[in-house]
Amino acid sequence: MQTKQLGNSEFNITPIGFGAWAIGGSGWAYGWGSQDDTESIEAIHRAIDLGINWIDTAAVYGLGHSEEVVARALKGMSNPPYVFTKCSQVWNDRREVSTILKADSLRRELEASLRRLQTDVIDLYQIHAPNADIEEGWATLAEFQKEGKVRYIGVSNFNVEQMRRIQKTAPITSLQPPYSLLDRNIEREILPFCQQENIGVIGYSPMASGLLTGKMTRERLQNLPDDDWRRHNPKFQEPNLSRGLELAELLRQIGARHGRSPGEVAIAWTLRHPAIAGAIVGFRSAKQVEEIIGAAEFRLSENEIDEIETFFSQRLQQLGV
């Protein structure tokens, strides 16, 4: 599998990374319903077997549970994948999540993540979400890097102005933003800025949280568990739902020409952009890995990209993306 250098790091990452959000399970505000840990571990093993060389998780996914599952999956491996995790989202005894970027809080978070991941060093440590204290937070992550507890540092969900503010303190290795056919806002300013500043971009939700997989239907949406956050997300409400399903059907038609799924086409579309170093794809089973892994090598033709753009401009203008 081909790889691409991630920003200013020494990491050469595969086009697809294992997204560990959903394997955090339920019991918190942004859970995906219950998840079997054994299936999660099998999915991680299958992804690694098929060549994926990085995993992206976060402390808040499952309120610590995702990091613990990742550690269990990687235990004893002689050549484990890169592990990226995130900080700044903390929770209280009532499982309520808030954003904190104070140095003492980040220090506690780092030690907790190191413990849950059963490691002495984190490959990429990212601020999960910004707030008014981004300078203090970024300076603290730079200290962690100097101490050798993290190899590289990055951010998630930052805009250009926020990145400019913090890069005065230390270089930014990576940015993790949402990026899909239904969320293209980063194309205007963020992607050009990251190319100019050599900031590697790893986009999340390339299949729009499952809406562009070709497997989402109105019936399936109605049957999602009550604690699956997508039940209340605007993308999964009308009229956005109908437009998203219509786009997924076009991706199905394009994919059928190549023996590819709509999800693989959706991911390939994000990987077409030169600023994108990799796409974070959430997997919950080994079967899902096998169904999507082809997107790492599949590339759309210029005509197919134009076909999607034409459909997009004609049918989806009301989405405002």
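# Exercises on a predicted model

Val289 lies in helix α10 (residues 286-292); helices (H or I, at least four residues) and strands (E, at least two) are DSSP runs, numbered from the N terminus. The structure is a predicted model, in which local features need pLDDT of at least 70, side-chain atom pairs count only at pLDDT 80 or more, and totals for chains, interfaces and linings use all residues. Residues are numbered from 1 along each chain as its sequence is written, and side-chain values use heavy atoms, with hydrogens and water left out.

**Exercise 1.** Determine whether Val289 is buried or exposed, and list what Val289 touches.

*Solution.*
- Step 1. Apply the cut-offs: buried means under 20% relative accessible area, exposed over 50%, partly exposed in between (1.4 Å probe, protein chains only).
- Step 2. The relative accessible area of Val289 is 0%, so this residue is buried.
- Step 3. Leaving aside residues up to four places away in sequence, Val289 touches Ala43, Arg46, Ala47, Leu50 and Phe283; contact means heavy atoms within 4.5 Å.
- Step 4. Ile44 is 245 residues from Val289 along the chain, with 8.6 Å between their C-alpha atoms.

**Exercise 2.** Describe how strand β9 (residues 150-156) is placed and find the strands that pair with it.

*Solution.*
- Step 1. Of the 7 residues of β9, 6 are buried, so the strand is largely enclosed by the rest of the structure.
- Step 2. Two strands pair if DSSP finds at least two bridges between them. Strand β8 (residues 122-127) runs parallel to β9 and is joined to it by 5 bridges.
- Step 3. Ile127 has Val155 of β9 as its bridge partner. From β8 the chain passes through helix α4 (residues 134-146) to β9, a right-handed β-α-β crossover. Right-handed means that, with the strands pointing away from the viewer, the path from the first strand over the helix to the second runs clockwise.
- Step 4. Strand β10 (residues 174-176) pairs with β9 in the parallel sense over 3 bridges, and Leu175 in β10 stands opposite Val155.
- Step 5. A right-handed β-α-β unit is made by β9, helix α5 (residues 160-166) and β10.

**Exercise 3.** State how many helices and strands the protein has, and compare its radius of gyration with the globule rule.

*Solution.*
- Step 1. The protein has 11 helices and 12 strands.
- Step 2. Its radius of gyration is 19 Å, close to the 20 Å from the globule rule for 321 residues, so the protein is as compact as a globular protein of that length. The radius is taken over C-alpha atoms, and the rule is 2.2 Å times the number of residues to the power 0.38.
- Step 3. Of the 321 residues, 56% count as buried.
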